[in-house]
Amino acid sequence: MRDHKIFQSMEKFVQTPYVQDLIERALAYVRAGFPVHFRGPAGTGKTTLAMYLAQQIGRQVVLIHGNDDFSPTDLVGGLQGYKMSKIVDNFIHSVLKTEEQLNLRWQDACITEAVRNGYTLIYDEFTRSKPEANNVLLSILGEKVLEMPIVRKGERYLQVHPHFTAIFTSNPEEYAGVYKTQDALRDRMITIDLNHFDEETEIAITVAKSGMPVEKAERVVRIVRSFREKGKYEFTPTVRASIAIAKVIHLQENLDAGDPFFKQVFIDILTSETCGTVTIGKTNGNAKGSTARVVEQLFDRYYS
Ligand SMILES: Nc1ncnc2c1ncn2[C@@H]1O[C@H](COP(=O)(O)OP(=O)(O)O)[C@@H](O)[C@H]1O
Ligand SMILES: [Mg+2]
């Protein structure tokens, strides 16, 4: 995707000291010529930060999402326009001749284009791709050359444009469909580890994304954060849960905290994120039911 529309969501980009610190560090590394890698669990702001950083760099942006199906051709390029024609004799009913038209044309893929023109590459969730597909990045980040496949006639090596920048994101908690990053590749980037936002930032993001006033959003976020800290969940509720709860409640005009629906929104959103696969303290049995009870207790504590 090569589109400035991806920056539309940046209008509500929140900058608290927590966020500013990350941006400053990342920009310092980029300016020194190093690729930056934001690593952290879901909902910790990796993709948003990568996009904001790319916007600050100010070059055209190529955004790709890691994918198990990626091959080197998808990233570097390949031959296109392969055609084959057959000459058939109507009396013999068999193929007499197969003609291959070798008018193949090389088509650059996204990484080649970015390397050639000095664009900013955002490679979101890059560990979801197979190491074979990502191998091409080794020489790009290391020796600053892209080795072109032999099938492409002409230049074998493409010098990386001096303005080319690469920003990566990955989630170390993903267990399915993720390949262990090749050490050599990770060695060539500077990794910034992210965790869930601090309270101030989570409140600011919730306000920005839901329109809810700060005083109300504070309470929503505190409940979500207390819930997050209370147990070990397979899917820990992220800032997205805070945003969702605030959005729903904010749309219901004059909804009183005493209204059963108000509490139900917390229960529905927090138990759907945690998906019932939880261990809260020593609670056993009906996981979803016990999760709901934890949410209720927290709700009663904060809204009494
Ligand atoms: N600095 C920020 N300003 C505003 N919203 C943000 C900011 N950082 C993250 N968000 C919002 O928080 C949510 C999670 O962020 P995201 O970048 O998707 O996380 P990740 O890529 O780590 O899963 C999204 O709804 C995103 O819009
Ligand atoms: Mg993301």
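A: The account below goes from the sheet to the helices and then to the pocket.

This is a predicted model, in which local features need pLDDT of at least 70, side-chain atom pairs count only at pLDDT 80 or more, and totals for chains, interfaces and linings use all residues. Residues are numbered from 1 along each chain as its sequence is written, and side-chain values use heavy atoms, with hydrogens and water left out.

Five strands form an open sheet in the order S2-S7-S10-S1-S11, with parallel pairing. Strands here are DSSP runs of E with at least two residues, helices are runs of H or I with at least four, and both are numbered from the N terminus; two strands pair if DSSP finds at least two bridges between them. Strand S2 (61-65) and strand S11 (190-193) are the edges, each pairing on one side only. From one strand to the next the twist averages 15°.

Strand S1 (residues 36-39) is joined to strand S10 (residues 165-170) by four bridges in the parallel sense. Across this pair, Val 36 stands opposite Ile 167 and Phe 38 opposite Thr 169. S1 also runs parallel to S11, again with four bridges, and there Arg 39 has Asp 193 as its bridge partner.

Helix H1 (residues 17-31) lies across S1, S10 and S11, at about 175° to S11. Contact means heavy atoms within 4.5 Å; axes are lines fitted to C-alpha atoms, for helices over the stretch in contact, with angles from 0 to 180 degrees between N-to-C directions. Helix H2 (residues 46-57) lies across S1, S2, strand S7 (120-124) and S10, at about 170° to S10.

H2 also gives five residues, the largest share, to the lining of the largest pocket. A pocket is an open set of points on a 1 Å grid over the protein atoms alone, where a 1.4 Å probe fits, with protein on both sides within 12 Å along at least five of seven lines; lining residues have an atom within 4 Å of a point. The lining has 23 residues, with Gly 45, Thr 48, Phe 197, Lys 209 and Arg 240 nearest the centre. Domain 1 (4-76 + 107-193) and domain 3 (199-303), with bounds from an automatic or database assignment, both give residues to this lining, so the largest pocket lies between them.

Methods:
Chains are lettered from A and ligands numbered from 1 in the order in which they are written.
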